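Morning, everyone. Let me put the structure up, and then we'll walk through it.

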Amino acid sequence: MEKKDYIKSGEFLVRDSEANEIFVPEDFDEEQQMIAQTCKDFLEAEVYPHLDQLDTGDRELMKEILKKSGDLGLMGISVPEEYGGFGQSFVTQMLAAETIGAGFSFSVAFMAHCGIGTLPIVYYGNEEQRQKYVPLLSTGELLGAYCLTEPGAGSDANSGKSTATLSEDGKHYILNGQKMWITNAGFCDTQVVFAKIDNDRILSAFIVDSDMPGVVIGPDEHKMGIKGSSTAQIYYNDVKVPVENMLGDRGEGFRIALSILHMGRMKLGANVIGAAKMAITDSVKYANERKQFCVLISTFGAIQHKLAEMVIRTFAHESAIYRVSKDIDDLMERLKQRDACDAGRAAIEGISHYAVEDAILKVYGSEVLDFVVDEAVQIHGGMGYSAEMNVERGYRDSRINRIFEGTNEINRLLITDTALKRAKKGDFPLFEMAEDLYAKPDQLTNKAHEGEGYFEEKHRYVKNLKKSAMLVIHGASKALGRKLSKEQEILNNIADIISEIYIAESLALRVEKTDASRGENASLYRDILDVFIYDAAAKVQKMAMDAIYSFVDGAEADKVAGAIKTLSDTKGVNVKEARRRIAEKLIDDNTYAF
Amino acid sequence: MNILVCISHVPDTTTKIKFTDNNTRLDVSGIQWVINPWDELSLTRALELKDDASCGINTVSVAHVGPVSAEPTIRKALAIGADNAYRVDTEPLDAYQVAAQLAQIVKAGAFDIILCGIESSDYNGSNVGGMLAEFLDLPSVSGISKLEIKEGKVHITREIDGGKEMLISPTPFVGIVQKGIAKEPRIAAMRGIMMARKKPIQLVDAVQTEPLSETLEFEPPKPRPACKFVDPDQPGKLIELLQNEAKVI
């Protein structure tokens, strides 16, 4: 008999998980920790001493550092062993991504190569293509780029104008077009390029070697941040691409592009944790050295509030990242066994399945990092505005995360759209449960069960937030029908509610799972959970109310709004003291060690 | 030739050190452990010598005296490139006990060069290398900043006051190593990490020894006192504080 069915993407809205079912960062084994340490050691030895030089746009230096990371095997972490990699689990890939995420521009160049530059061939290449390219990409002998965006085709990726026309002898596709914002353009050897064959409606994908005649790489863009990563336009002028270099089938390019974006979003969600932890460490070190009014600024409540909030959001986001990573590993394993998928296909199918979660983690993570780096600059005061400090670089480098891998605006729409579509498809009974709740909003209660324990109470709160989400989803669907897809403000409200729920639930499960092993520190992690849930409930209430009054009014609106208020009611928390205790640990450790 | 590198398992230098049991024991909770930096440099140099075929090094082994909790540190040494490892399963209380346990590993093996860091970054005792040589009745050289093998002979450079001393040591010998012996510690490569799980860590029973010293107490540095402001209209107050409190004038 089969074990409990795996949790589907978005299903968390209607299904509660148990703490022992989820993976938490405290579960990393010794080997995973050693891999993370290697990534950290590499940044310290090879990247940090060169940050200023890299930021001058020194393409050769970046290339050299990338190659060194290849020599260490870091580029092969996500690549199956049969193609020269180390075939690590998705959890390990994400841990490596987190650690490298503290590498500023290097992180962007490295992740672009290892992710979108290499994995499309691992996932969609035929055996010849994989054997030809992947072993060299996994060691850094070849460096890769991914060419999707065009001047007129950004978020609307399928509207690209690049064309591929079969040559008369049938041996080549003649590629013409222009791509922009191409990471690693300045030194890449291989490119995954998307173009439409003849008058196709949908993109196809090709592997293009940078030295093919007709490939022209422009100068690097002058950017706000990540200045060390090469970003340029690439022009294709009658480039003869051998027909055997088509990746996947004709017209499969758009699917490949979207799948790869799912992977990129997940990894971005991990990258930001590394960058956030670094900014927090920089901030607390500074606050522990900087004196004003004769005392360290880390003793001030206003600074402690900032430090604690930086920790809380980073810790919460991290909880969700590794939870979904293990879900992906489990699904990949299942696909390999049940459907006999090869490792590459199983990987991309597994990642793409969790489309709701990857969009949540991309949006939430990039906004956590932007919050963290902003507060890091603020804690540094005037020094934070000086280019001498890491936090200044971190502040500028962070901003792109809300833009690339699909803007946060597109991703918010995807969170709601994908969750609703999956529910409609029958993956989970969201609409059925929502309809029941909406029918009797005045009967919804929020009472503690008899003998309710600490974690049961927190799970009750999360469950209630899920009910609020269902009320809004059902109400909006009923009132607006198909028009809902045009009401982006409401879709955004729903996306933010769904995100808050996923992160809150992941955090609650992590704190519960690790509670017994924390010893005397356990109460500190409960502080993190207390503050987060208290805030999440207030945010969900606000977003739900905003949404409700946008599509219904009168008695019905008031009735639903009343139910949402009831459901969002949580016990009061002394957030000031809780944040102070969290900050005290950070100040005492003088580094992020949660 | 075979090299044995003795490695100590120490708190990462960024760790905030706390004590327990009335300041008589290190509080190990929450500590991030690493290979003692001097030992790591010894290991790096040993591996460099092995990489150079002309040096004729067959194996590089590592040895540690400590409980099972140190195995991640030992495995890191294996991931960096050591061929095998020994762990004496005991919790030593002083340098004498460490040296006594290490001596039995050397006696049981066939090592030509035994390397120890000049000190460990936790207790900074600088005793183990010398004691180990004494247990083994082997020559020892301390303060080694350069170690080369030419035509089967070990050429050593050691730092002395105001200059350097160059010498050739017979083997086997105990080399006590300081910074400069290798440029940077090696980073464990992915392949090394994967291979480390297959490399053996040989468990060695501890021999019976008694420590020669006992730690009475650790005393952390006193926190710096808060600065005091003196009103510019009261220069006398400043002089009084400098004289009586700071005692600098």
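Where does Asp198(A) lie? Asp198(A) is in the loop between β4 (190-197) and β5 (204-209) of chain A. Strands here are DSSP runs of E, at least two residues, and helices are runs of H or I, at least four, both numbered from the N terminus.

A word on the source. This is a predicted model: local features need pLDDT of at least 70, side-chain atom pairs count only at pLDDT 80 or more, and totals for chains, interfaces and linings use all residues. Residues are numbered from 1 along each chain as its sequence is written, while chains are lettered from A and ligands numbered from 1 in the order in which they are written.

Back to Asp198(A). Its phi is near 50 degrees, a positive value in a residue other than glycine. Buried or exposed? Asp198(A) is exposed, because 11 other C-beta atoms lie within 10 Å. The cut-offs: buried is 20 or more other C-beta atoms within 10 Å of the residue's own, exposed is 12 or fewer, partly exposed is in between, with C-beta atoms placed from the backbone.

Next, Asp238(A). Phi is near 50 degrees here, again positive and again not glycine. Asp238(A) sits in strand β7 (residues 231-242) of chain A. Asp238(A) has 12 C-beta neighbours inside 10 Å, so it counts as exposed.

Now the domains of chain A. The assignment gives domain 1 (11-143), domain 2 (146-247), domain 3 (253-409) and domain 4 (429-589). Those bounds come from an automatic or database domain assignment.

Look at domains 1 and 3 of chain A. Their C-alpha centres lie 16 Å apart. The contact takes 28 residues from domain 1 of chain A and 30 residues from domain 3 of chain A. Contact means C-beta atoms, placed from the backbone, within 7 Å.

Which element gives the most to the domain 1 side? That is α4(A), with seven residues. α4 (90-100), α5 (104-117) and α6 (119-124) of chain A each supply at least two. By class, this side has 20 nonpolar, seven polar and one charged residues. Nonpolar covers Ala, Val, Leu, Ile, Met, Phe, Trp, Tyr, Cys and Pro; charged is Asp, Glu, Lys and Arg; the others, Gly among them, are polar.

Over to chain B. It has six helices and 13 strands. Of its 249 residues, 37% count as buried.

Last stop, a cis peptide bond. It joins Thr171(B) and Pro172(B), with omega about -5 degrees. Pro172(B) is in the loop between β11 (163-169) and β12 (173-177) of chain B.

How values were computed
Contact = placed C-beta atoms within 7 Å.
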